[in-house]
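Please look over the chain shown here before reading on. The report starts with the whole chain and then turns to a few places within it.

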Amino acid sequence: MTAARTSTVPLDRFGQLPEPPGPRWPVSVQTVLFGKYRHRLMPALRRRHGDVVMLRIAPHRRRLILLSRPEHIKEVFSGSSEVFHAGEGNAILGPIMGAQSVLLLDEADHLRMRQLLMPAFHGAALRGYRDLISEITRTQVASWPVGRPMSMHRHMQSLTLEVILKVVFGVTEADRLSRLRPVVGRVLELSPILMLGWFYPRLRSVPPWRGFSEIQRELDALLYAEIADRRLVTDLDARSDVLSRMLRTSRAAQVNDDVTPLTDTELRDNLVTLLLAGHETTATALAWAFYELAREPKLQRRAAQAAGRHEDTYLQAVAREAMRLHPVIYEVARRLTTDIELGGFRIRRGSTVMPAIGLVQADPNLHRDPATFDPERFLARQAAANTWIPFGGGIRRCLGAGFAELEATIVLEQVLSRFELAPGRRRPEHPRARNITLAPSAGARLVLHER
């Protein structure tokens with residue numbers, strides 16, 4: 001397969017290459033289908049047009065290039081950060097995450113931010129979060145309803161929000177938590193319509209965009225107050241939350257003159273990023289994991305045994321298989337700064353290339369019996385490189401991947417040690433677009449029974 005080549009190839013050579021095929025529907029139709037039904041649209045487009053497909057969506061007839069072959073995806077993930085701009089590819093998130101979010105930065109700015117954030121998500125730092133995540137989970141689980149249908153997705157959202165507020169933000173005071181919870185909850189109700197509206201400045205002064213902007217300002221005020229207070233504490237070195245670790249790394253960088261320390265704006269932008277990227281995604285992945293275990297009693301018994309024996313490896317495999325079978329985010333994005341050749345096609349500068357996580361992870365040529373929930377495939381290491389990519393890849397791989405897997409493993413252990421799970425409805429649930437994620441259509445309805 002042809003590797004990606006940049007515009008060092010003569011432009012007349014590019015002129016001889018075709019652009020990727022794709023539907024000829026109106027931009028409005030393509031935009032709606034991509035926004036609400038991408039998990040159905042993309043497989044259909046692949047069957048009709050092949051492994052490289054072009055969509056055009058609002059605003060400004062943007063070109064999206066969908067990729068589903070591991071070889072092509074490898075070219076994107078390992079390609080030059082000067083050519084493949086992930087920050088620009090995530091630009092739609094800018095109005096809420098902020099311009100200094102690690103997801104919105106490229107090249108040297110991104111490397112600096114990643115260097116400052118990385119220590120909070122590796123090694124000893126991750127191990128330091130385990131006890132608090134376990135405590136939060138035990139407290140939440142104790143109040144769950146028993147013997148009647150409940151939405152596991154809703155309960156996972158509540159649990160993962162507490163983890164964000166206490167383990168990431170480091171907020172423990174009851175008064176501050178009571179003020180943050182409703183504001184954060186409303187911010188998390190972000191919809192694709194709201195996101196699209198940010199590209200049209202006139203909409204920001206009318207509902208629902210005006211109301212959302214007011215909520216954002218309220219959240220910002222609370223976060224900036226927390227940051228200001230945290231900078232003044234005398235026990236910063238003894239605190240184990242993510243925000244405190246970020247401040248310590250920033251302080252050390254300033255002392256050693258290694259890199260410019262984090263400003264309040266940069267801290268705010270990346271706290272919001274961790275909130276949006278780490279809350280809904282983890283909650284949804286866990287909801288799918290429990291949903292599948294409830295439908296597979298044999299696998300549930302095996303997972304419960306692993307929980308009782310503290311076998312993290314098997315529980316991690318359960319979480320990974322749920323992420324494979326039910327990708328929460330269906331694609332990642334890189335915006336091109338120059339023309340490239342990929343798969344025999346010319347892809348123009350300004351296009352957004354999108355490795356399609358959902359297509360790759362459901363491909364029968366890459367995963368045996370892909371529609372079956374089978375955690376054993378991860379114990380046998382059957383997933384080859386660039387065929388399991390829920391956290392993206394390359395230098396832009398999700399910083400919080402280790403944190404998310406740790407959290408998922410702990411929650412699985414705590415819940416399965418206490419409850420047996422049964423389906424809460426007869427009909428199966430299917431992915432439904434929620435914000436930028438794909439969640440269980442009925443909220444992963446389950447019935448819990450005490451063990």
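## Surface and overall form

Accessible areas come from the Shrake-Rupley method with a 1.4 Å probe. In this model, which is predicted, the accessible surface of the chain comes to about 20,100 Å², and carbon and sulfur atoms account for 51% of that surface. Of the 451 residues in the chain, 53% are buried, where buried means a relative accessible area under 20%.

The chain contains 19 helices and 13 strands. Its radius of gyration is 22 Å, close to the 22 Å that the globule rule gives for 451 residues, so the chain is as compact as a globular protein of that length.

## Contacts and charges across the chain

When contacts with a separation of 6 or more are considered, 72% of them are between residues 24 or more positions apart.

## One side of helix α3

Helix α3 covers residues 70–77, and its buried residues are P70, H72, I73, V76 and F77. These residues lie on the same side of α3, because they cover an arc of only 155° around the axis. An α-helix has 3.6 residues a turn, so residues three or four places apart point the same way.

## The loop between β2 and β3

Most residues other than glycine have a negative phi, and most peptide bonds are trans. Against that background, the loop between β2 (52–57) and β3 (62–67) deserves a careful look, and P59 has its place there. The peptide bond that joins A58 and P59 is cis, with omega at about -5°.

R61 lies in the loop between β2 and β3 as well, and its phi is near 55°, a positive value in a residue that is not glycine. Is R61 buried, exposed or partly exposed? With a relative accessible area of 48%, R61 is partly exposed.

H367 is found in the loop between α17 (357–361) and α18, where it is buried with a relative accessible area of 3%. Which residues does H367 touch, not counting those up to four places away in sequence? They are R324, V360, Q361, R377, A383 and T387.

## L336 in strand β6

Strand β6 is made up of residues 334–336, and L336 has its place in this strand. L336 is buried, with a relative accessible area of 2%. Leaving aside neighbours within four places in sequence, L336 is in contact with V83, F84, I347, R348, R349, G350, S351 and V353.

How far apart are L336 and H85 in sequence and in space? The two residues are 251 residues apart in sequence, while their C-alpha atoms are 6.2 Å apart in space.

Key:
Residues numbered from 1 in each chain as written. Predicted model: local features only at pLDDT ≥ 70, side-chain atom pairs only at ≥ 80, totals over all residues. Heavy atoms only, no water. Buried < 20%, exposed > 50% of the residue type's maximum accessible area, 1.4 Å probe, protein only. Helix = DSSP H or I, 4+ residues; strand = E, 2+ residues; numbered from the N terminus. Arc of directions from axis to C-beta. Rg over C-alpha atoms; globule rule 2.2 N^0.38 Å. Contact = heavy atoms within 4.5 Å.
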